[in-house]
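Colleague: Let us go through this model together, with the cut-offs stated as we go.

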Amino acid sequence: MTSTSSTTHRVPPLLWLLVVALVTLNLRPFLTAPGPLAPAIQQATGMDLRSFSWLTLLPMALMGIGGWLAPAALQRWGARASIGASLLMIALGCALRLTPAGDATVSLLIATAGLCGAGVALAQSILPGLIKRQSPHHVAPMMGLYSATLMGGGALGAQLSPMLMQQGSSWQASLAIWAIPALLALPLAWHALTLMREPAASVASGRMAPSHADTGWLLRRGRTWLLLISFGLMNGGYGSTVAWLAPFYQAHGWTATQSGSLLAVLSIAQAASALVMPALARRSLDRRSWVMLALLLQIIGFAGLGLWPDAMPSFNAIVLGLGLGGCFSLFMLVALDHLPSSTQAGALNSLMQGGGFILAALAPLVMAQLHQSSGHWTTGWLYQAGVAALVCLLATRFNPQGYPQAMQQP
């Protein structure tokens, strides 16, 4: 099977690094910013916990649906138009949150969360395949950069939005500010992706070899569904943490800024782990030991939240963040490892993210329901620890020696 990378127009390495970082930086702030502002938003809008969970549930579900559609979008429109549309949707979704509070505020908040989620779906599903195509010999460190910047953007959203509100900004303005970096990233991404348009155009016009362009058979492989389920269960922990960590500690008497800082600490730990773990795992194609380590850290972190939330909250946030960030980047890498063709590997990654995010979207709602049923958050956090343990069992199947057989093309 011949890689398509030989026909790729190379973007200068420094420019490519900058584009990956700036685009990816915009994919999480809209998701992490509302959590620390939850009391102010709920007081102004009357949202209960289940309604508030939709600010995480809907965008993650749309990330999933968009992930399934991303390969077709890439073939039809190319990378430049797809990434450009992604950044515009994120910017518009954030900007619309500046609308003054009124009777339609709850619907508007949920709709803008959906618009941002749809934008994120395109970018985060397309970028891994572009990374494998553009940087075929540096996939592990580039995926580490991608994942670290993703989590770093989450840290900025969790930290900066409550700080702005503390300085006197409205909660609407504190959410809407994330339109600015999306608009700033757009012209640079447009320029860089113009330089590498030929491979996408070749796919769209049918000039790529059929064995590379055909990706529909991936859905008929059990390994695709195993990756999808494992990724979805694992990311449910991230969605639940983003949605409920700050409100959880505000129920313990913390301020919005303090709880936002804790979420930022967790996100910074995620970013560090997402950058370092793939680099450490690059020496061997068998990533299972690192995946297990990341999942064990998640189990410890979620158990700490459920059983000893006030003992060492910052240390526990770091442990949990290391587990969540490392696991995310390693799963992205494992999916790309399965196939040598950048087109097919990118499609597999998109399918994993697509179905995975749909599954992960349910986790914040499950947490809200468990809280309503039990009257406390302990059950939900322990549930997430159990889910991480289940993913440990599923991940034992990712033996690289079995990749050719598991992903054999008809």
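Colleague: Which helices are included in what covers the buried residues of helix 13?

Modeller: This is a predicted model, in which local features need pLDDT of at least 70 and side-chain atom pairs count only at pLDDT 80 or more, while totals for chains, interfaces and linings use all residues. Residues are numbered from 1 along each chain as its sequence is written, and side-chain values use heavy atoms, leaving out hydrogens and water. Helices are DSSP runs (H or I, at least four residues) numbered from the N terminus, and the buried residues of helix 13, where buried means under 20% relative accessible area with a 1.4 Å probe and protein chains only, include Val291, Leu295 and Phe302. Their cover includes helix 11 (222-250), helix 12 (256-281), helix 14 (313-337) and helix 17 (378-395).

Colleague: How many Å apart are the end C-alpha atoms of helix 13?

Modeller: The expected span is 1.5 Å times one less than the number of residues. Helix 13 (residues 288-307) has 20 residues and should therefore span 28 Å, which agrees with the separation of its end C-alpha atoms, 28 Å.

Colleague: Is Ile90 buried or exposed?

Modeller: Ile90 lies in helix 4 (residues 49-95), and beyond four places in sequence it touches Asn26, Leu27, Cys116, Gly119, Val120 and Ala182, a contact being heavy atoms within 4.5 Å. Because its relative accessible area is 1%, Ile90 counts as buried.

Colleague: What is the C-alpha separation of Ile90 and Ala113?

Modeller: Along the chain, Ile90 and Ala113 are 23 residues apart. Their C-alpha atoms are separated by 9.0 Å.

Notes: Helices (H or I, at least four residues) and strands (E, at least two) are DSSP runs, numbered from the N terminus. Buried means under 20% relative accessible area, exposed over 50%, partly exposed in between (1.4 Å probe, protein chains only).
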